[in-house]
Amino acid sequence: MRFWSAVWAIFWKDVRAEFRTKDILTGMLVFAILAVLVFNFAFDLRVERPQTVIPGVMWVAIIFASMLGLNRSFILEQDRGSLAGILLAPVDRSAIYLGKVLGNLVFMFAVEVILLPIMVVLFNVNVLMPSVLLFVGLGTVGFAVVGTIFSAIAVNTRAREVMLPVLLLPVMVPVVIAAVKGTAGILDGNPLSEQMGALRLLIAFDVIFLGIAFLTFDYVLEE
Amino acid sequence: MIHVRGLVKRFGYTVVLKGISLDIEAGESVVLLGPNGAGKTTLLRILATLLKPSAGRVTVAGEDIVRHPQAVRHLLGYVSHHPLLYPDLTARENLRFYAQLYGLPEPDARIDELLERVGLARRGDDLVRTFSRGMVQRLTIARALLHNPPILLLDEPDTGLDPQAANMLARLLQDVAVEGRTILLTTHNLSRGVDFARRVVVLAGGRIVTDRPTEGLEVQDLSRLYLDAVAQEAA
Amino acid sequence: MQNKKWGWLELLTVLAAIMVAVNFYVGLIYAPDPSNLQTEVTRKAQHIFYYHMGMNVMAGLGMLVNFIGSVLYLLTRRRFWDAVARSAAEIGVLFGIGVLVSGSLWARPTWNTWWTWDPRLTTATITILLYAAYLMLRNAVEDPDRQARFAAVYGTFAFISVPITFMSIRLWRTIHPTVFGGGDPAAKGAFALGPHIRFAMQFSSWTFMLVFLLFLVVRVRVALLEERVMALRQQVDAQLSRGAEVDPMEHAGS
């Protein structure tokens, strides 16, 4: 009980503060939209079947926007020294982790809620299908689960903003592949039952790395 | 209340605390002095369970700080020159957040009481980012007192405050000390330290070089004592 | 440090050197050209395999030992395990690059391309990037204890992500030969295993395992010595800054 109330407190504090200023959220969103536009210019997305390129464009936009948000997650706490305040409290370190993961998830979902309809309008491809959203959801969870613990690591390094993508992207390859593959399959008109490989992989990734992060997060925060 | 035995702290290859032993009884107020880099903040952060000792044993109210940090955390209030507050939340939201972390059952009455006490009752619903440095520091004290801890660790709480705000802070701390809390304070302000504490401990080069009561000690004495001790360590 | 001229490390070095020399003979001359390959060039190029696979063994061992060292460091906090993890990662990255280069040289005549986005190749590349990131992380953290902690956590994530990455990339098809009993009809360049080829492969594996062991031992020793030098230097600095006389002999024995 105490555990979940601490998770909720940390989650709610992050969400409350962020939705008040929206500094990071607007940054993430504008970045995601710009990424989509740049892809449009770079690859001329008015190809015959936009479905073939949309999954890749969508996921690259989501990944890089997420990276911005994840980076700020611990940098803000670190720069104000406020992480010490949480560490002083009689709270499990894994509760801090989980609260942060949930906060990051909400920010990433908030960006996607706006980004996906914009993509529908710009490219006339319906990405708002439930099965596509399932892949978006699972992939986003994977990014939040691994990205949160790596951002806690990266914040204590030199060149910390650069460090997070370098650490995160090679570990995230399975999520990128499975999510893009699954999204593409569904946009091609195949049923969800044909994307079970990608789906299972995403679920396995999320579960395995959530477990490892739980086991190792103590070591990241301890000094 | 606080027992430190042979405490050593290394950062990488640098030894910051070189075997500190210190006993502080319940209700004692102690001022910790020393030049920058003497290890004052490190010592306080170890007591606050923010750092792990490299060697030695520290117990707070009988609990080992490495083996039972959660039990110790309930007993400690910690104030540093970092406010540990969120500027984009209101004063009340900040306190409510910490109340939740400490698992306080009915926080609202306690929060009102503390806001009143630190003179911020009317600003409770304003964002902390609109506060002056002095107000932030008073709110920090309220945060540290939230769970009514028997021990207060104060790491240069008056740094960066103008004289008026510093006076207000000193009065507030005096009140708190009267309530029978055990207090360990670091400061660069020698006269305030002598006024406030009954015992003075001087730390230099990672060792305790002086430990004596402040009774009958004038600021000039203390300042000489301090400089001598530091010079001795350097030699 | 040690005064005796011939310790086990020297013996290991000499043994490894002899094995490496013999392994060149075994792989290039003793091992016959595989008879089932179509052209002269692919038959000759197949000899690269003995070194390609050998380096792969080293790279794989590097990742495995890094994982073991990382986990043991987190559990025991002994700096020794951190030195093992770090040394293994360095060897792994170095020979991982060797695997890619030798693989490219072999792929050119066999598959008619330097590079293909095959699961094994892609996984190997991403794995090398993972451990390059691991080394970058180490480089970006000053405090040695913190560096060891972060690296151990990242090493754990990295190792566990490799099989998941491989499975994810297999969502596409493969043309890489499954040398050991694979029945994939799409695989090109697979060769039949005669007794001589089998022996050459085994000999090469043992050779590279021995080289790995030698490199690991030497690198760990260097890493531990580096730490001692840093610690001593810090002590000397501290004493100098206090203006005290520094007696080098006092520390030499400690």
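**Sheet in chain B.** I started with the open sheet of chain B, which has four strands in the order 2-1-4-5, paired antiparallel. This is a predicted model, so I kept that in mind throughout. Which strands stand at the edges? I found strand 2 (14–24) and strand 5 (63–64) there, each with a single partner strand, so one side of each has no neighbour in the sheet.

I then looked at how strand 5 of chain B is held. Two bridges join strand 5 to strand 4 (residues 55–60), and the two run antiparallel.

**Strand 6 of chain B.** Next I checked a parallel case. Strand 6 (residues 76–79) runs parallel to strand 7 (residues 151–155) of chain B, with four bridges between them. Across that pairing, I see B:Val79 opposite B:Leu154 of strand 7.

Are the residues of strand 6 buried or exposed? I get buried for all of them: B:Leu76 and B:Tyr78 point one way, B:Gly77 and B:Val79 the other.

**Chain B against chain A.** Strand 6 turned up again here. I have 22 residues of chain B in contact with 22 residues of chain A. On the chain B side, the elements giving two or more residues are helix 2 (69–75), strand 6 and helix 3 (91–101). Helix 3 of chain B gives the most, with five residues. By class, I put down 13 nonpolar, five polar and four charged residues for this side of chain B.

**Chain A against chain C.** I looked up the other contact of chain A next. Here 24 residues of chain A are in contact with 25 residues of chain C. Two elements of chain A give two or more residues to its side, helix 7 (160–187) and helix 8 (196–221). Helix 7 of chain A has the largest share, 10 residues.

**Core.** Last, I went to the largest nonpolar core, which has 208 residues. Which members touch the most others? I listed A:Ile153, A:Leu167, B:Leu153 and C:Tyr154. Helix 7 of chain A is back again, giving the most to this core with 15 residues.

Leaving aside neighbours within four places in sequence, A:Leu167 is in contact with A:Phe150, A:Ile153 and A:Ala154 in chain A, and with C:Ala133, C:Leu137 and C:Tyr154 in chain C.

How values were computed: Residues are numbered from 1 along each chain as its sequence is written. Chains are lettered from A and ligands numbered from 1 in the order in which they are written. This is a predicted model: local features need pLDDT of at least 70, side-chain atom pairs count only at pLDDT 80 or more; totals for chains, interfaces and linings use all residues. Two residues are in contact if their C-beta atoms, placed from the backbone, lie within 7 Å. Two strands pair if DSSP finds at least two bridges between them. A nonpolar core is a set of buried Ala, Val, Leu, Ile, Met, Phe, Trp, Tyr and Cys residues joined through C-beta atoms within 7 Å. A residue is buried if 20 or more other C-beta atoms lie within 10 Å of its own, exposed if 12 or fewer, and partly exposed in between; C-beta atoms are placed from the backbone. Ala, Val, Leu, Ile, Met, Phe, Trp, Tyr, Cys and Pro count as nonpolar, Asp, Glu, Lys and Arg as charged, and the others, Gly among them, as polar.
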